[in-house]
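Subject: Structure for you to look at

Hi,

Here is the structure I promised to pass on. Have a look at it below, and then read on for what turned up.

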Amino acid sequence: MALIYFEREGKTLSVNSGQNLRKLAQANGVNLFRGIRKIFNCHGLGLCTACVVEVFANRPMDLNPRTGMEEKKLEGYSNPNLRLACQVQVHGSVRVKSQPVEFMAAQPNSVSPPLVSGNGI
């Protein structure tokens, strides 16, 4: 058995080892998504970053290692605790911060739209 504490929601879950964090959150009313991403997301395939969370584990063995998909999607972020909830298997007690502010601020590889002058050029 493992305990998952969702910080923002103040909710603790007692779960079996090896369960998927995204599925557990959804089944227990924890909202991982912001805005339109509640509808438009990859539905747990690891193809987007809609379910990014910050996970704190006391021991490395409490979570599965980051997947290749996570490494690619979270490239450029210095915080090693950022994970895609859909790729996380919980094996021990962890603390989770949904919708982490660090990630929601500016995405590292995003490109700003070009400035347009008054005449459209």
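Let me start with Arg-83, which counts as buried because its relative accessibility is 5%. Please keep in mind that this is a predicted model. Arg-83 makes a salt bridge with Glu-70, and the closest N and O atoms are 2.7 Å apart. Since Arg-83 belongs to strand S5 (residues 82-84) and Glu-70 to helix H2 (residues 68-73), the pair ties together parts that are 13 residues apart in sequence. Glu-70 is buried as well, with a relative accessible area of 0%.

Glu-7 counts as partly exposed at 26% relative accessibility, and Arg-95 counts as partly exposed at 33%. Glu-54 and Lys-97 also meet through their side chains in a salt bridge, at 3.9 Å from N to O. That pair links distant parts of the chain, with Glu-54 in strand S4 and Lys-97 in strand S7, 43 residues apart. Glu-54 is buried, with a relative accessible area of 11%, whereas Lys-97 counts as partly exposed at 23% relative accessibility.

Arg-95 has another contact: it lies over the face of Phe-56, at 4.1 Å from the ring centre. As for aromatic pairs, the structure holds zero.

Now to the strands. S1 runs antiparallel to strand S2 (residues 11-15), and five bridges join them; Val-15 in S2 is the bridge partner of Ala-2. Four residues lie between the strands of this hairpin, and Gly-10 takes a positive phi near 65° there. S1 also pairs with strand S7 (residues 94-98), in the parallel sense and over three bridges. In S7, Val-96 is the bridge partner of Phe-6.

Two backbone angles may interest you too. Most residues other than glycine have a negative phi. His-43, however, has a positive phi of about 60° although it is not a glycine. His-43 is in the loop between helix H1 (21-27) and strand S4 (52-57), and counts as exposed at 56% relative accessibility. Gln-99 is likewise not a glycine and has a positive phi, near 45°. Gln-99 is placed in the loop between S7 and helix H3 (101-104) and counts as buried at 19% relative accessibility.

Finally, the cysteines. The count comes to zero disulfides. Cys-51 is in no disulfide either, as the nearest cysteine sulfur, that of Cys-86, is 3.7 Å away. Cys-48 counts as buried at 18% relative accessibility, and Cys-51 is buried with a relative accessible area of 3%.

Best wishes

Terms used. Residues are numbered from 1 along each chain as its sequence is written. This is a predicted model: local features need pLDDT of at least 70, side-chain atom pairs count only at pLDDT 80 or more; totals for chains, interfaces and linings use all residues. Side-chain values use heavy atoms; hydrogens and water are left out. Rings of Phe, Tyr and Trp (its six-membered ring) pair if their centres lie within 6.5 Å; planes under 30 degrees apart count as stacked, over 60 as edge-to-face and the rest as tilted. A charge sits over a ring if NZ of Lys or CZ of Arg is within 6 Å of the ring centre and within 35 degrees of the ring normal. Two strands pair if DSSP finds at least two bridges between them. Helices (H or I, at least four residues) and strands (E, at least two) are DSSP runs, numbered from the N terminus. Buried means under 20% relative accessible area, exposed over 50%, partly exposed in between (1.4 Å probe, protein chains only). A disulfide is a pair of cysteine sulfur atoms within 2.5 Å. A salt bridge is a side-chain nitrogen of Lys or Arg within 4 Å of a carboxyl oxygen of Asp or Glu.
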